[in-house]
Amino acid sequence: MSYERLEQCPICSKEEFKNFLVVTDNSVSKESFVIVECENCTFKFTNPRPDIESIGSYYESEDYISHSNTKTGIINKAYHVVRSITTKQKVELINRYAPGKGTILDYGCGTGVFLTACKKDGWKVRGVEPSDKARELASESVGTTIATNIEELPEEKYNVITLWHVLEHIHTLNDTVNKLISHLAEDGVLIIAVPNADSHDAKQYKENWAAYDVPRHLYHFTQPTMKRFLKKHKMQLEEVLPMKFDAYYVSMLSEKHKEGKTKMISSVLNGYKSNSYAEKNGNDYSSLIFVAKRK
């Protein structure tokens, strides 16, 4: 296993950061990883981390649902029920920003659930998914070839580009986003969903917060750091939206990490508390959707 250490903050390029938290990979390896915080811009990222050649082994689990579609266990069953609702909401969101429909690229499309819904709704769809297993499932579901990387995409522009809980996984963060923006139509919309490390559930569960998900999650965004990141890439933030179901799902996983078993009552209560806190405290929900356009 090979690891790499970042010497600069990916957002502000400063070289001074401090240890923020030590978190265990509860899903696969049981190894511990350090999350550091930039002393200049407060961006949090996993450092050191497995390099791009080694990271694949940390996804090798049937529990990694976005790559396997497994329905084993109560948490995964709940995930599927919620996903059917949130997929509909995502399609409604892109239609609001692009009512004429058009072309959409879903980067990190997983097993293709969202793209399949977009295609049924009348969109011309493209997807990128590096996981062989997930890409095969996506190609079958969507009925079109899914690219392995950006370089495989044809030279075309997209009205909407989405990254649903994907940005935090990308090793070549700035280079990848630059390439994606180059594929965005002049009036196109970039939609990014990420966990929020300033949420109530993140503060409550601390090192047991499931959405840290080290080492698969390389970056741990907050509203201020996402705004700085978008500004770095000359994107104008249009809207920040909550993903309210995530507070319950993440709390279920976090309870399992903390207590060794799923505690449904505690999970529901803590999810409710997190959403209630966010409603009164600057929209700091467990996960957030950031909608951006070119400046």
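Author: The questions below concern a pocket and a helix pair in this predicted model.

Reader: Which helix gives the most to the lining of the second largest pocket?

Author: The second largest pocket has a volume of about 280 Å³. Of the 13 residues that line this pocket, the closest to its centre are Q89, K90, L241, P242 and I289. Helix 2 (74–97), strand 11 (235–242) and helix 8 (245–259) each supply at least two lining residues. The element that gives the most, with six residues, is helix 2.

Reader: How many residues of the lining of the second largest pocket are charged?

Author: The lining can be sorted by residue class. It has six nonpolar and two polar residues, and the number of charged residues is five.

Reader: Are helix 8 and helix 9 oblique or roughly parallel to each other?

Author: Two packed helices are described by the angle between their axes and the distance between the axes. The axes of helix 8 and helix 9 (residues 264–280) come within 8 Å and cross at roughly 135°. Angles over 145 degrees would count as roughly antiparallel and those from 65 to 115 as roughly perpendicular. The two helices are therefore oblique.

Reader: What is the handedness of the crossing of helix 8 and helix 9, right-handed or left-handed?

Author: The crossing of helix 8 and helix 9 is right-handed. To return to the handedness, the crossing is right-handed.

Definitions and conventions
Residues are numbered from 1 along each chain as its sequence is written. This is a predicted model: local features need pLDDT of at least 70, side-chain atom pairs count only at pLDDT 80 or more; totals for chains, interfaces and linings use all residues. Side-chain values use heavy atoms; hydrogens and water are left out. On a 1 Å grid over the protein atoms alone, a cavity is a set of points where a 1.4 Å probe fits but cannot get out, and a pocket is an open set with protein on both sides within 12 Å along at least five of seven lines; lining residues have an atom within 4 Å of a point. Grid points are joined across faces, edges and corners, and a volume is the space filled by probe spheres set on the points. Helices (H or I, at least four residues) and strands (E, at least two) are DSSP runs, numbered from the N terminus. Ala, Val, Leu, Ile, Met, Phe, Trp, Tyr, Cys and Pro count as nonpolar, Asp, Glu, Lys and Arg as charged, and the others, Gly among them, as polar. Axes are lines fitted to C-alpha atoms, for helices over the stretch in contact, and angles run from 0 to 180 degrees between N-to-C directions. Angles under 35 degrees count as roughly parallel, over 145 as roughly antiparallel, 65 to 115 as roughly perpendicular and the rest as oblique. A crossing is left-handed if the near helix is turned anticlockwise from the far one by less than a right angle, and right-handed if clockwise.
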